[in-house]
Amino acid sequence: MDELIEQCRKLNQLIIDSKEYQSFIIARNSIKSNEELYGNLMEFKRKYEDVMKYTEGNPFDEIHKLYYDNDELIHNSTVNEYLRAESALSRLVKKIIAEITEGVNI
């Protein structure tokens, strides 16, 4: 078990050292430096999650309206950079989890 934990710590460091994580940190720091912009993005993300959780059936119309209402925010270069970096990091973590759990049956 100790060896497994040690390998997890090494993997954690590899993730921290990855270009995806480093890009995310830079983008996060950039957006957080503008309190209003960061607050608006967090509110947008909260509304997006609510639509995805609570909309019965296909949420396409609700999502479309949300994006339309927040067009200026979404097309802000700082926001766009943050969302792209967040998405790239998320994809990396999903790939890692898939690899770790490959063949593990519970």
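Biologist: Why is Leu37 called buried?

Modeller: In this predicted model, Leu37 has a relative accessible area of 11%, and buried means under 20%, so Leu37 is counted as buried. Leu37 is found in helix α3, and, leaving aside residues up to four places away in sequence, Leu37 touches Ile31, Leu73, Asn76, Thr78 and Val79.

Biologist: What makes Ile31 buried?

Modeller: The relative accessibility of Ile31 is 0%, and the cut-off is under 20%, so Ile31 counts as buried. Ile31 lies in helix α2, where Phe24, Ile25 and Ala27 are buried too, and what covers the buried residues of α2 includes α3 and α6. Among the residues that Ile31 touches, not counting those up to four places away in sequence, are Leu37, Tyr38 and Leu41, together with Thr78, Val79 and Tyr82.

Biologist: Is Gly103 buried or exposed, and how do you know?

Modeller: Gly103 has a relative accessible area of 62%, and exposed means over 50%, so Gly103 is called exposed. Gly103 is found in the segment after α6, and its phi is positive, near 80°. The C-alpha atoms of Gly103 and Thr78, which are 25 residues apart in sequence, are 40 Å apart in space.

Biologist: What makes α3 roughly antiparallel to α4?

Modeller: Helix α3, residues 35-54, and helix α4, residues 60-69, pack at an angle of about 170°, and their axes are 10 Å apart. That angle makes α3 roughly antiparallel to α4, since angles over 145 degrees count as roughly antiparallel.

Biologist: Which residues meet in this packing, and of what class are they?

Modeller: From α3 come Phe44, Lys47, Tyr48, Val51 and Met52, and they meet Glu62, Ile63, Leu66 and Tyr67 in α4. Sorted by class, the contact of α3 with α4 has 7 nonpolar and 2 charged residues, and no polar ones.

Biologist: How do you know that the span of α6 is close to what is expected?

Modeller: Helix α6, residues 77-101, has 25 residues and reaches 36 Å from its first C-alpha to its last, which is close to the 36 Å expected at 1.5 Å a residue. For α2, with 14 residues, the reach between the first and last C-alpha is 20 Å, close to the 20 Å expected at 1.5 Å a residue.

Biologist: Which residues of α6 are buried, and what covers them?

Modeller: The buried residues of α6 are Val79, Tyr82, Ala85, Leu89, Leu92 and Ile96, and what covers them includes α1, α2, α3 and α5.

How values were computed:
Residues are numbered from 1 along each chain as its sequence is written. This is a predicted model: local features need pLDDT of at least 70, side-chain atom pairs count only at pLDDT 80 or more; totals for chains, interfaces and linings use all residues. Side-chain values use heavy atoms; hydrogens and water are left out. Axes are lines fitted to C-alpha atoms, for helices over the stretch in contact, and angles run from 0 to 180 degrees between N-to-C directions. Helices (H or I, at least four residues) and strands (E, at least two) are DSSP runs, numbered from the N terminus. Angles under 35 degrees count as roughly parallel, over 145 as roughly antiparallel, 65 to 115 as roughly perpendicular and the rest as oblique. Contact means heavy atoms within 4.5 Å. Ala, Val, Leu, Ile, Met, Phe, Trp, Tyr, Cys and Pro count as nonpolar, Asp, Glu, Lys and Arg as charged, and the others, Gly among them, as polar. The expected span of a helix is 1.5 Å times one less than its number of residues. Buried means under 20% relative accessible area, exposed over 50%, partly exposed in between (1.4 Å probe, protein chains only).
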